[in-house]
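Trainee: I have a two-chain model open and would like to learn how to read it. Could you walk me through the helices, the cores and the chain contact?

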Amino acid sequence: MKRVPMERKVLSENDRIAAELRAAFQQHGILSLNLISSPGSGKTSLLERTLERFGSDQRVAVLTGDIQTDNDARRLARAGFPVKQISTGGACHLDAKMVERALSDWPLEEIDLLLVENVGNLICPTSFDLGEACKIVVVSVTEGDDKPLKYPSIFLKSDLLVLNKIDLLPHLPCDIAQLRKNALHINPEIDVVEVSCFTGDGLESWTEWLAARRQSVEVA
Amino acid sequence: MHEFGIANSILDAVRAESQLRPDVMVRKVGLRLGEASGVDPDSLGFCFDALVQGTDLDPLTLEIEMAPLRHACPRCEREFEVTDFDFSCPTCREPRTVRKGGFELDLAYMEVEEP
């Protein structure tokens, strides 16, 4: 038996398309964000609250991934911005090819901010680069304060942690200070915001974070 | 279960390589898998075997070598394995260190049988 070196990435095809997407986003000055969470953490609600706050002059577009149905796209389209559903038909994550296909008939020169809502899953989407500027992980406080310790990969790879459903804290054993501490233990660089998409509490901290990121793209 | 898709990508790569060398039989493929890659090695092995069975590549086997989470210190230049997500440098205690590895999902080698 003879050993032959290979030295290639398993997801080289995904990485190639993601690199093309990233270059296209940079060329058009688009900030692309990849939102990842467990099912039901509130990604769609966060996007709804975000889009509601934008004036109609904002050049925002949304891609939303699910295994089945276009329910999320219909929810998000109410805000009047371009929204497209990516139905993966069983796949537990979005990949770069799906994003490329979804964007193929959208004029990129008319977009400044692309929000990509991944399939609800805290593991699989972590491995697939979608050409985004950064990943954002959303965790609801109902999921327990040890979530970052159980699923470290996504926390290591994310720039921002959005802690959602803080209005429920009085009814839960979740220790939000401990949750923060656990997230910062895994990734000392991660930014953290606390919000309730239901009451609207804390949403300014999220929109401020977003505005700062958008500004950094414009300057670059 | 993204391990099925990943196992499939490994087989695609092996097929592409074996087309370049039609005279050899690929018997084993070696994968370097980062411990923070988010891919479960047991699940990947299960999917790989299921996909190989009964195909032209049967009895190809997968060997997984785990790659630990590694950081390097910008101050004293020590490279170290991160344990329990303590990213500070074990030598000089510099708290801000740089990621060096642990996210790999790389095909490292194939073992082939030549005629």
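Mentor: Happy to. Let's start with a definition: the axis of a helix is a line fitted to its C-alpha atoms over the stretch in contact, and the angle between two axes runs from 0 to 180 degrees between N-to-C directions. Keep in mind that this is a predicted model.

Trainee: How do I use those axes, and at what angle do helix α1 and helix α4 of chain A pack?

Mentor: In general, two packed helices are described by the angle between their axes and the distance between the axes. Here, α1 (residues 12-27) and α4 (residues 96-103) of chain A pack at about 40°, and their axes are 8 Å apart. That angle makes α1(A) oblique to α4(A). The crossing of α1(A) and α4(A) is left-handed.

Trainee: Which residues of α1(A) and α4(A) make the contact?

Mentor: From α1(A) come N14(A), I17(A), A18(A) and L21(A), and from α4(A) come A96(A), K97(A), V99(A) and E100(A). Sorted by class, the contact of α1(A) with α4(A) has five nonpolar, one polar and two charged residues.

Trainee: Let me try chain B. At what angle do α1(B) and α2(B) pack, and how far apart are their axes?

Mentor: Helix α1 (residues 3-20) and helix α2 (residues 41-52) of chain B pack at about 55°, with axes 8 Å apart. So α1(B) is oblique to α2(B). This crossing of α1(B) and α2(B) is right-handed. Among the residues that meet there are F4(B), I6(B) and L11(B) in α1(B) and L44(B), C47(B) and F48(B) in α2(B). The contact of α1(B) with α2(B) counts nine nonpolar, two polar and one charged residue.

Trainee: Which residues touch the most other members of the largest nonpolar core?

Mentor: The general idea is that in soluble globular proteins, nonpolar side chains tend to be buried together. In this model the largest nonpolar core has 59 residues, and V99(A), L115(A) and V116(A) touch the most other members. Leaving out residues up to four places away in sequence, V99(A) touches L21(A), L63(A), L94(A), V116(A), L130(A) and G131(A). Another core, of 19 residues, lies apart from it and includes L33(B), F48(B), L105(B) and L107(B).

Trainee: And how many residues does each chain give to the contact between chain A and chain B?

Mentor: An interface's size is often given as the accessible area lost when the parts come together. Counting residues instead, chain B gives 24 and chain A gives 23. On the chain B side, α1 and β6 (105-113) are the elements that give two or more residues, and β6(B) gives the most, with nine. That side of chain B divides into 14 nonpolar, four polar and six charged residues.

Notes: Residues are numbered from 1 along each chain as its sequence is written. Chains are lettered from A and ligands numbered from 1 in the order in which they are written. This is a predicted model: local features need pLDDT of at least 70, side-chain atom pairs count only at pLDDT 80 or more; totals for chains, interfaces and linings use all residues. Helices (H or I, at least four residues) and strands (E, at least two) are DSSP runs, numbered from the N terminus. Angles under 35 degrees count as roughly parallel, over 145 as roughly antiparallel, 65 to 115 as roughly perpendicular and the rest as oblique. A crossing is left-handed if the near helix is turned anticlockwise from the far one by less than a right angle, and right-handed if clockwise. Two residues are in contact if their C-beta atoms, placed from the backbone, lie within 7 Å. Ala, Val, Leu, Ile, Met, Phe, Trp, Tyr, Cys and Pro count as nonpolar, Asp, Glu, Lys and Arg as charged, and the others, Gly among them, as polar. A nonpolar core is a set of buried Ala, Val, Leu, Ile, Met, Phe, Trp, Tyr and Cys residues joined through C-beta atoms within 7 Å. A residue is buried if 20 or more other C-beta atoms lie within 10 Å of its own, exposed if 12 or fewer, and partly exposed in between; C-beta atoms are placed from the backbone.
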